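Thanks for making time this morning. I would like to walk you through one structure, going slowly enough that you can follow along on your own screens.

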Amino acid sequence: MAMMICVTVLICVFGLINYMAFGKETAIIITLNYEQTYVNSGVLFLYVMSIILTYPMSLIPINIIIEETLEMRESWTYVSRIVLVLCSITAAILLNDCADKYLSVLGAVFCAPVGFILPTLMYLFGVPNLSCFSKFSAIFMLVFGVASGSLATYVSISNW
């Protein structure tokens, strides 16, 4: 529980420092706020490469679920993986202008439960004999997760 609080504080402080540094002109991708130098361009290039190279790993759980649900033979698994990649590329092309808004709504709706609510519920119901302070901090994180998820969803939808 202490780790969740530390990570939450770290993310909030990082966002606050960047907002204080760049103000209302803060770009969605934070690295675009920096001056265009060779070092900053290199950092941005490495960031883009890490996204591209880790994308197949993020699709592994989806591929496993699809392959097990459809009971595919091994020869068809490669076809399903190619189709999944082509579908995601098509979605990215079709959502070109509104992808940031779409992703902000998805992030608001799904990231708060995954990041705050579900781990807290697992902690509350999975760890026996919690102290009063542990229960209070877990309930605080649960309320914080619901509130931040609701607020983020409201802001994302209202900015659409």
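Before anything else, one term: when I speak of contact, or of one part covering another, I mean heavy atoms within 4.5 Å. Please also keep in mind throughout that what you see is a predicted model.

Let me begin with helix 2, which runs over residues 38-69. This helix has 32 residues, and from its first C-alpha to its last it reaches 48 Å, close to the 46 Å expected at 1.5 Å a residue. If you continue past the end of the helix, you come to Glu71, which, just after helix 2, takes a positive phi of about 50°.

Which residues of helix 2 are buried? They are Leu59, Asn63 and Glu67, and the cover over these buried residues includes helix 3, residues 74-94.

Take Asn63 in helix 2 as an example. Its relative accessible area is 8%, and because the cut-off for buried is under 20%, Asn63 counts as buried. Leaving out residues up to four places away in sequence, Asn63 touches Arg81 and Leu84.

How many salt bridges does the structure hold? There is one, and it is formed by Arg81 with Glu67, with the closest N and O atoms 2.9 Å apart. The pair links distant parts of the chain, since Arg81 lies in helix 3 and Glu67 in helix 2, 14 residues apart. As for how the two partners sit, Glu67 is buried, at 11% relative accessibility, whereas Arg81 is partly exposed, with a relative accessible area of 37%.

Tyr55, Ile82, Val85, Leu86, Ile89 and Ile93 together make a nonpolar surface patch of about 540 Å². Where does the largest share of this nonpolar patch come from? Helix 3 supplies that share, with five residues.

Setting aside neighbours within four places in sequence, Leu44 is in contact with Thr31 and Leu32. Trp76, by contrast, is 32 residues away from Leu44 along the chain, and the C-alpha atoms of these two are separated by 36 Å.

The other residue is Leu124, in helix 4, residues 99-126. Leu124 and Ser156 are 32 residues apart in sequence, and their C-alpha atoms are 30 Å apart in space. Not counting residues up to four places away in sequence, Leu124 touches Leu130, Lys135, Ala138 and Ile139.

Technical notes. Residues are numbered from 1 along each chain as its sequence is written. This is a predicted model: local features need pLDDT of at least 70, side-chain atom pairs count only at pLDDT 80 or more; totals for chains, interfaces and linings use all residues. Side-chain values use heavy atoms; hydrogens and water are left out. Helices (H or I, at least four residues) and strands (E, at least two) are DSSP runs, numbered from the N terminus. The expected span of a helix is 1.5 Å times one less than its number of residues. Buried means under 20% relative accessible area, exposed over 50%, partly exposed in between (1.4 Å probe, protein chains only). Patches are made of residues with over 30% relative accessible area and no salt bridge: like charges are joined within 9 Å, nonpolar side chains (Val, Leu, Ile, Met, Phe, Trp, Tyr) within 5 Å. Accessible areas come from the Shrake-Rupley method with a 1.4 Å probe; for residues, only the protein chains shown count as cover. A salt bridge is a side-chain nitrogen of Lys or Arg within 4 Å of a carboxyl oxygen of Asp or Glu.
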